[in-house]
Amino acid sequence: MALPVAVLGAGSWGTALAMQLARQGHAVRLWARDPAQAHVMQNERINRRYLPDYTLADNITISADMDSCLEGAKRILVVTPSHAFPETLEKIAPFLTPDIGLAWASKGFEPGSGRLLHVVAAERFGSDMPLALVTGPSFAKEVAAGLPTAVTVASNNAEFGETWAEMLHGSGFRAYYTADLTGAELGSAVKNVLAVACGMSDGLGLGDNTRAALITRGLAEVMRLGEAMDADPRTLMGLAGMGDLVLTCTGDLSRNRRMGLALGQGKSVEQAQEEIGQVVEGIKTSEETMRLAERYQVDMPITEQIHGILFKGWSARKGVRVLMERDLKRETE
């Protein structure tokens with residue numbers, strides 16, 4: 001059934017998801033924060049800054065007026081950076097009801113607290129509000145191009161989650177439902193930190209063996225944190241966990257991997273951010289992941305090194321040496 005859907009956030013990922021929803025026949029209202037960008041997108045039918053090679057369908061309307069996008073929408077999908085998530089919830093609150101529910105495709109934690117976004121949303125709107133996260137191994141450019149993609153929709157409400165999966169599913173885009181919001185959110189957030197590590201290793205020229213070790217031992221860190229937070233390990237071994245981790249750590253379209261590459265090549269965080277020109281979620285996420293690791297007393301040495309390199313001026317090359325010189329231990333401990 002075609003529905004009017006508000007998609008909040010006209011970056012690369014928000015635009016790509018709007019295009020996928022439009023392919024399935026939904027009437028999409030895409031909100032862009034910048035009025036000039038919204039005007040150009042509406043008139044030229046392309047996202048010139050983020051996805052200039054792909055035409056926006058006629059059933060996508062772009063506006064910088066959030067209220068007009070939300071008015072009459074039957075579903076709402078938030079695709080803002082995670083640090084803007086709490087502020088966005090306040091803005092959409094007057095339009096949100098349990099019949100509409102809230103979905104998001106933001107990947108990260110609440111700034112300053114490390115709380116999962118579904119916890120933030122449940123606190124703001126109550127336990128009766130249906131919530132869903134769209135996540136998984138999915139580069140925006142490939143979704144915009146219509147290339148085959150599979151994602152996870154995690155929800156606290158089976159009917160709501162399955163409805164969102166059905167809304168997105170089709171045209172080579174597969175969506176799988178899970179009830180494990182905690183595992184899906186952890187996997188989708190922490191992989192960005194690990195992608196910085198893998199990019200940094202490649203920037204240093206340390207080879208394929210090192211990258212494979214970082215991915216595998218990084219997954220072990222996520223699994224330990226997930227166990228402490230009662231996540232389902234099957235989620236972390238699926239699309240929202242291992243799938244997204246492998247893609248983000250190896251794909252050159254990954255902003256987080258590109259950040260690591262720049263650091264490994266001797267550039268500063270500020271220089272790398274300027275070159276990338278988009279939000280690099282792994283930077284803020286490293287802070288919140290360390291906050292969670294300390295709260296739950298979980299050993300996360302790769303995350304700790306990346307956090308130190310990003311925020312404390314630690315050496316990238318020395319960081320790899322520190323990781324490789326750690327004491328012997330059993331792999332499955």
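This is a predicted model: local features need pLDDT of at least 70, side-chain atom pairs count only at pLDDT 80 or more; totals for chains, interfaces and linings use all residues.
## Helix α11

Helix α11 spans residues 239-250. Its buried residues are Ala240, Gly241, Asp244, Leu245, Thr248 and Cys249. Viewed down the axis of α11, these buried residues fall within an arc of 120°, so they line one face of the helix.

## Helix α12

Helix α12 is itself mostly covered. Of its 10 residues, 8 are buried. They are Asn256, Arg257, Met259, Gly260, Leu261, Ala262, Leu263 and Gly264.

Both ends of α12 deserve a look. At its start, a side-chain oxygen of Ser254 comes to within 3.4 Å of the backbone nitrogen of Asn256. Just after the helix, Gly266 has a positive phi of about 95°.

## Two loop residues with positive phi

Arg45 sits in the loop between α2 (35-44) and β3 (46-47). Its phi is near 65°, a positive value in a residue other than glycine. Arg45 is buried, with a relative accessible area of 15%; the cut-off for buried is under 20%.

Ser171 lies in the loop between α7 (158-168) and β10 (173-178). Here phi is near 55°, again positive in a residue other than glycine. Ser171 counts as partly exposed, at 45% relative accessibility.

Methods:
Residues are numbered from 1 along each chain as its sequence is written. Side-chain values use heavy atoms; hydrogens and water are left out. Buried means under 20% relative accessible area, exposed over 50%, partly exposed in between (1.4 Å probe, protein chains only). Helices (H or I, at least four residues) and strands (E, at least two) are DSSP runs, numbered from the N terminus. The arc is that of the directions from the helix axis to the C-beta atoms. A polar contact is a pair of N or O atoms within 3.5 Å; within protein, one must be able to donate a hydrogen and the other to accept it, and residues adjacent in sequence count only if both atoms are side-chain atoms.
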